[in-house]
Amino acid sequence: RMKDDTLEFLGGRKKLSFQEREYMEIIWKKPDGISSNIIYSAFQTARGAIAATLSHITDKGYVVFQKDGRNTIYVPLVSKLEYEQAVLKQKIKSSVY
């Protein structure tokens with residue numbers, strides 16, 4: 001049995017926290033990649049806190065990043081639909097067992 005925060009339908013990725021999900025909502029709007037500047041401007045939070053959250057999302061396997069000069073471009077590896085389906089499947093499976 002997998003832990004509740006692990007999504008077996010997404011290759012065992014850990015579920016996004018509420019805050020990570022907010023960041024992904026912005027990243028998902030640009031499936032070809034979004035500049036870190038756009039992400040930073042979307043949140044009224046210290047840059048260090050934003051960078052930490054982006055690092056967590058990257059470590060969990062939801063995005064990859066590439067450097068573009070002084071900017072960092074974040075590209076989603078999992079679509080919003082894939083994520084929502086995996087969460088739903090997990091809920092259904094855990095309610096059945």
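Val96 is found in helix α4, which spans residues 80-96, where helices (H or I, at least four residues) and strands (E, at least two) are DSSP runs numbered from the N terminus. The model is predicted, so that local features need pLDDT of at least 70 and side-chain atom pairs count only at pLDDT 80 or more, while totals for chains, interfaces and linings use all residues. Residues are numbered from 1 along each chain as its sequence is written, and side-chain values use heavy atoms, with hydrogens and water left out. Val96 counts as exposed because its relative accessibility is 59%, given that exposed means over 50% relative accessible area, buried under 20%, and partly exposed in between (1.4 Å probe, protein chains only).

Helix α3 comprises 13 residues, 47-59, and reaches 18 Å from its first C-alpha to its last, close to the 18 Å expected at 1.5 Å a residue, the expected span being 1.5 Å times one less than the number of residues. Within α3, the residues Ile50, Thr53, Leu54, Ile57 and Thr58 are buried. They lie on the same side of α3 because they cover an arc of only 140° around the axis, the arc being that of the directions from the helix axis to the C-beta atoms. The face of α3 turned away from this buried side carries the exposed residues Gly48 and Asp59. Just after α3, Gly61 takes a positive phi of about 90°.

Ser35, found in strand β3 (residues 34-35), counts as buried because its relative accessibility is 13%. When neighbours within four places in sequence are left aside, Ser35 is in contact (heavy atoms within 4.5 Å) with Asn71, Thr72 and Ile73.
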